[in-house]
Amino acid sequence: IPLPLFDTTPDPLAAQAQSGLVDGWADARWRFGPLAVTPKIELRNLGWDTNVFNEAKDPKQDVTATLAAPIDWWLRFGRGRLHGVNTFEGVYFSKYIDQRGFNQRHDLTLLVPLNRVQPYVGGTYFSTNDRPGFEINARIRHRETGANAGVVIRVASRLALDVNARQTTFRYEKDAELGSSYAALFDRRSETYGAQLRYRLTSLTTVTLQADSLKERYTQARERNHDGFRILPGVELGRHALITGWARVGYRRLNSIDPAMPDFSGLVADSELSYVFRGSARAALGFSRDILFSYWVDQPFYVQSGVTGSLTRQVAGPWDVQARVSWYTLDYQQAEVPGAGAAAGRSDRYNSWGGGVGYRV
């Protein structure tokens, strides 16, 4: 299963909190005066796709490859720091040309590190021709544009507070072949206001507490408009710790504006932890649970819960092998639409497993 270019449900508050606290200029690969750059080339996917369109009958096969070029750069001027991440990706299919695509993402953040206060402001642009999630099989061109601002306050030597706001606009193109307007269902504007406390417990462990409110307004499907909030305690473990990664588990509340639409309150989570044992094997385990909005009008959103795992083992010199598996459940929430009662309680499953061989150049 080829991995998506970017997470379609990113956590902007956590990302901004991390970028707002770190000046990565000194860690860059190349430096030219005030400019520091780390370019990369990544072969993210190369192989044979046995079901290009995810069809139940008569699946189509093709050779596919994905090549990406991310560029991470910093620019220093006076007290200011300008941080940019530009990623370009090409997706290739040999036979089915309409499945090819060019994806890009650009993030730009201006930081001003002062003594105890660090304000920042930034913007993002994201364009991809990919599946929006597990529910939709078609590759759809969609774009996201966003702006954010905030301030990081160093309350104490180990305690920092990040207060921030973000606005994101989502735009989808109409699928000409299917005749379905995804724009009518998914075009929207999202506004997030929140704060995150970060306490450095040890040099390898940081405890976090994130709280934010969310307001989403749809361009056409206004019955989907909703407000809400979430509270997420968590922990982040440094790359030199025995167990590395992060884990956040908390509570989310969603209040639909339309009384016919369902509400939600319950557990949400996001975690990715890994452990290296005997210096030659790495085990990774992830868990996630959150709300995603659906294609179906009478079932406007679903709760997606998933578990992922992988095991990578070095076998000889630079060679390694990997096994991976994932299980996802999509629990749909029913709206009060006449004649839709028969579909209540729908639950879809998405499972995948695979393996790979790696060579460390």
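What follows is a short exchange on the labels and the values behind them.

Visitor: What kind of model is this, and what is the mean pLDDT of the protein?
Guide: The model is predicted. The mean pLDDT is 88, and 90% of the residues reach 70 or more.

Visitor: Which elements have the lowest and the highest mean pLDDT?
Guide: Helix H1, residues 12-21, has the lowest, at 40. Strand E10, residues 188-200, has the highest, at 97.

Visitor: Why is valine 357 called exposed?
Guide: Exposed means over 50% relative accessible area. Valine 357 has 66%, so it counts as exposed. Its place is in strand E18.

Visitor: Why does valine 276 count as partly exposed?
Guide: Its relative accessibility is 47%. Buried requires under 20% and exposed over 50%. The value of valine 276 falls in between, so the label is partly exposed.

Visitor: Where is valine 276, and what does it touch?
Guide: Valine 276 sits in strand E14, residues 264-277. Setting aside residues up to four places away in sequence, its contacts are Leu242, Ala281 and Arg282. Threonine 244 is 32 residues apart from valine 276 along the chain, with 9.0 Å between their C-alpha atoms.

Visitor: Which residues form the nonpolar patch on the surface?
Guide: Val315, Trp319, Val321, Val357, Tyr359 and Val361 form it. Together they have about 680 Å² of accessible area. Strand E17 (319-333) and strand E18 (347-359) each give two or more residues to the patch. Patch residues need over 30% relative accessible area. Valine 357, at 66%, therefore passes that cut-off.

Visitor: What makes up the largest nonpolar core?
Guide: Nine residues do: Ile136, Ala138, Ile140, Phe170, Tyr172, Tyr182, Ala183, Leu185 and Phe186. Strand E9 (159-172) and helix H2 (182-186) are the elements that give two or more residues. H2 supplies the largest share, four residues. A core takes buried residues, so each member must be under 20% relative accessible area.

Visitor: What does phenylalanine 170 touch?
Guide: Beyond four places in sequence, phenylalanine 170 touches Arg143, Glu144, Phe186, Asp187, Arg188 and Ser190. Apart from this core lies another, of eight residues, including Ala28, Ala36, Trp74 and Val152.

Technical notes:
Residues are numbered from 1 along each chain as its sequence is written. This is a predicted model: local features need pLDDT of at least 70, side-chain atom pairs count only at pLDDT 80 or more; totals for chains, interfaces and linings use all residues. Side-chain values use heavy atoms; hydrogens and water are left out. A nonpolar core is a set of buried Ala, Val, Leu, Ile, Met, Phe, Trp, Tyr and Cys residues joined through side-chain atoms within 4.5 Å. Buried means under 20% relative accessible area, exposed over 50%, partly exposed in between (1.4 Å probe, protein chains only). Contact means heavy atoms within 4.5 Å. pLDDT is the predictor's confidence in each residue, from 0 to 100. Patches are made of residues with over 30% relative accessible area and no salt bridge: like charges are joined within 9 Å, nonpolar side chains (Val, Leu, Ile, Met, Phe, Trp, Tyr) within 5 Å. Accessible areas come from the Shrake-Rupley method with a 1.4 Å probe; for residues, only the protein chains shown count as cover. A salt bridge is a side-chain nitrogen of Lys or Arg within 4 Å of a carboxyl oxygen of Asp or Glu.
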